[in-house]
Each structure stands twice: as C-alpha cells, then as structure tokens.
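Reader: Hi, I have a structure open and some quick questions. Can we go through it together?
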Amino acid sequence: MRKLPFTFLLLIFGGVGVANPAELRVPPMVTAGNTFSIATSGRGEADFYLVGPGHVARQKIRLGEEIRIAGTDVRISGRYLAILRSAEGNTSAAFFVSAETPASLSFLAHPSRVPVGESQGIGAVAFPLDKFRNLVLQPVDVRFELQAKDAPPVSLVVQTKSGVAWTPMDSSRKAGVALLTAAVNGFRSTRVIQQVAATPCGLRVKAQRTARGLLVETDPVRDCLGNPVPDGTIVSFTIIGRKGKSTVDAPIKRGVASTQIPDPGAASISVASSVVIGNEIRVGEGQ
Amino acid sequence: MKLRLAPLCALILISAAIGTITIPATLRAATDTSAPKVKLDTSLMGPRAIEDITHKNIIRDYGLAWQTMARALAENQRDLLENGYLVGFAKERLTQALEDQVKIGVRVSYSHGVHNLQGIFYSPDGSAMELRDTAQVHIQVLDGNRVVHNEQATLRFIVLMTPGADRWQVRYLQAVP
C-alpha cells in the first residue's frame, strides 16, 4: 500500500515521458521544384506544417499515410522544417532543398568604359541561377567571352566556387564597343563595354596668326595604340608671355583641340592633357 | 519508506516544475528581437581586399538584416521589411513566407547566438560580396500561441550582399547543409 503513491507518480510522469509521437521520414535532400513524399507513422489525424524559406503551409493529414509535397511547395532552395502536431505530441524533421540546373545568370561586368590595352582592366562576375532563381551552389562551368570589333574573340571557362565565377580580362587594343558575354548551360547574358582610347600619346600643338589673334590647336589627338582620344577630353594650353601666364582649357572636337587667343606677342605655348605633357612652341612678333 | 520516497517524489516534482519553467524561458528567448552579435573573418576573401569601413558596415548591416527578418517573422509584419536591409530575392522570399504565415496564423521566431561570417568573395569593383554564415539560432514555430516546434540549431547560410546608398544590403540568403 505504501508503494502506491510512488507507482502512481511513475505511471503519470513515466507515461508522459514515453509517449510516442508520430514519426516523420524526410529525404535529406530534395531538388527544387520536384514533387516528393514524406512517410509518417502512427494512427489518427494530425496537423502537418511545412516551413520553408519562402513558403509556409499547414494541412490536415492522416498518420500512417504518406504526405505528398508538391514541387511548387519546394521551389526555393534552403532548409525546410516538416512538423507534425498530433494528440501524441509534436515531432519534426529538417531537410534541404538544393537548386536545379542553371537556367539563367546574374552577370556583373565592370567598368562600362575602359581604356584600350589595359591589363586586367575588365572584371566579369557571374552567379548562375536555376529556373526558380536559386543560386546554383554546385560547381558549374561559366564561359566568359570578350568580342571586340576587328579583333578575334577572347574566351575562357571558369568553374564556379560557392555559386560564383569571376575573371579579370584584358581590354583589347582597338577602341569601340565590345561585347562581354557569360554563358552557362546554353544560357547567355551579354554586357556592352565601351573601350575608349587611353591617355594621349605624342601630343603636339601648333599656332597660326589670324585676324583675331592666334589660333592654337593640336594635331589629331591619339593614344599610343593610334586610337583617337574621345571628343570632350580636355586639353590645356598654357601661354607664358610678357603679360604673365594664362591657361586655356579646350575640349577635343572632331579629334583636335583648339582655341583662339588674343595675340600674346612673344610667348611660349605648351600643351597637356590629363597627366600627359606635349610639346612647347615659341611665338613672337613678326612670326 | 516515506523517507526513501520523498527524494524521488521531490525529483519528479522538480522535473515537472522545470518543465513549466522552461516554456516561458524559451518563449522569452524566441521573442528576443535585438540585433544579433556578428563576427566577420575576411582572411580567405578575395580578390578585392576589404576596406576597414566596409568590414564594420558588413557586421552592422548583416546584424540589422537578421534583426529585421526575425522581427518581421515573429510579429508577422511585412512593413518591417521596408527598412532596406533586405532586398531582391531575400526580400521577395521573406515577403512570400510572411504572406503565408499571416494567412494560416503561424509565426516563426528566431533568437540568435553568434553569427560567424566568413568572407568568400568580394568582387573587384566592390559591387558584391559573398559570405558564409555559421550561426547558432533558436527557432520556434508557433501556431497561434502554441509552440509546435522548438529547436536549438547551428545553421549555415550562403549570403550575398550588395552596397546600397548608405548600407550593405542582404540580397540573397540561403541555408545550406
């Protein structure tokens, strides 16, 4: 009789402790968008919850039967929780959804304007995505190709690591539009890169008297590879004469920069653009 | 016999009592929506070297992104996502999950230990950064006020962040095995 309270307590608390909630058997990994089933044990009804990164759902299910998970419920890759709530208690299991095969790319190309002949001047970065826009973390090959006008294409294949492939590329020697393409699994994404002349090379100035004073202008301004430096690039003319020093900035128009100045008398005129210094000429009365 | 039974009964009663104490404690933890502690290791990150200010901002903004996400999910408040710490895919997916949660009356609560970020990739032009996060999190799933799932887990995430006007933004966040 004395043992009764102890036995009673053990039955109550022990009974609670050994209650067997229904079991869930989930696959450890599922591919995004694929329909699959989760096996359950037990009898009776239960609430089933599916909690994922972009989808949360609840449904009534019968224990002991399989739960069919539609592909549309697991389109987003990540970690999912399958939870059962039944009269016997709650039970849960986690599984992962991985990306499908690549179907598109997030492609970054930088910069949009690059000087010609620049070693590793272009950066190409690609993130392969599946048809549900999940990042594809399995290694895949991405082909980068730079196609410039009048030049053979330059291409290379880079394997993704942790979902990203990147490569530096040299700009070509000719100014103009270049197409930078990244391709994976038959999908291509293209960016336009404007390759512009580098800094001027062999910058030369000349002067000519006119009725209004002195016309100072450059020869056609080109970079060291012979590409015309773009219109709008600023060229500075510096005039040192009896009245002191003055500087005139002029943009390149149709390949040359020019300015009209009052006759300075005897003076020296030099030319510069960016960090490049050109020649110096002397002008004087009677010239 | 009474003397022998007393400690056992006391033990059982204490165990039962702990059970009742534990529930509010876990609930309290799950509703903790302060910014989590974030550590960032960039020793293996490249090709661009991370700037000091960027290092600090990533730590701050990633923590605030998690705080935003945890609050939005715990309180079922979509408008919290408008603060700009989550954008693109990350925001879209979270918005969809919140819509589902609101529809069925379920909430997911996260509380955090430490988020250990490991830099993987920082693009040459500084326009994208990929990181791996190993985080200790406490997850609760609540249907109404009933806890249906309670879990302490170490989770790993792949994170893609991009710079915005005044902050780094989480653009992609995915748990990985």
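Reader: In what order do the elements of chain B run from the N terminus on?
Author: This is a predicted model, to begin with. The order in chain B is α-β-β-α-α-β-β-β-β. That gives three helices and six strands.

Reader: How much of chain B counts as buried?
Author: 40% of its 177 residues.

Reader: And what about contacts in chain B between residues at least 6 apart in sequence?
Author: Of those contacts, 60% join residues at least 24 apart.

Reader: Switching topic. How many residues of chain A are in contact with chain B?
Author: 35 residues of chain A, and they meet 33 residues of chain B.

Reader: Which element gives the largest share on the chain A side?
Author: E7(A), with five residues. Other elements give two or more residues, including helix H1 (4-17) and strand E4 (45-51) of chain A.

Reader: How do the residues on that side divide into nonpolar, polar and charged?
Author: 20 are nonpolar, 10 polar and five charged.

Reader: Now sheets. What is the strand order in the five-strand open sheet of chain A?
Author: E10-E16-E15-E12-E13, with mixed pairing. The edges are strand E10 (113-115) and strand E13 (154-159) of chain A, and each pairs on one side only. Neighbouring strands are turned by 25 degrees against each other on average, direction ignored.

Reader: Do E12(A) and E13(A) run parallel or antiparallel?
Author: Antiparallel, joined by six bridges.

Reader: Which residue in E13(A) stands opposite Glu145(A)?
Author: Ser155(A).

Reader: What do strands of a sheet pair through?
Author: Backbone hydrogen bonds.

Terms used:
Residues numbered from 1 in each chain as written. Chains lettered and ligands numbered in written order. Predicted model: local features only at pLDDT ≥ 70, side-chain atom pairs only at ≥ 80, totals over all residues. Contact = placed C-beta atoms within 7 Å. Helix = DSSP H or I, 4+ residues; strand = E, 2+ residues; numbered from the N terminus. Nonpolar A, V, L, I, M, F, W, Y, C, P; charged D, E, K, R; others polar. Pairing = 2+ DSSP bridges. Axes fitted to C-alpha atoms, helices over the stretch in contact; angles between N-to-C directions. Buried ≥ 20, exposed ≤ 12 C-beta atoms within 10 Å, placed from the backbone.
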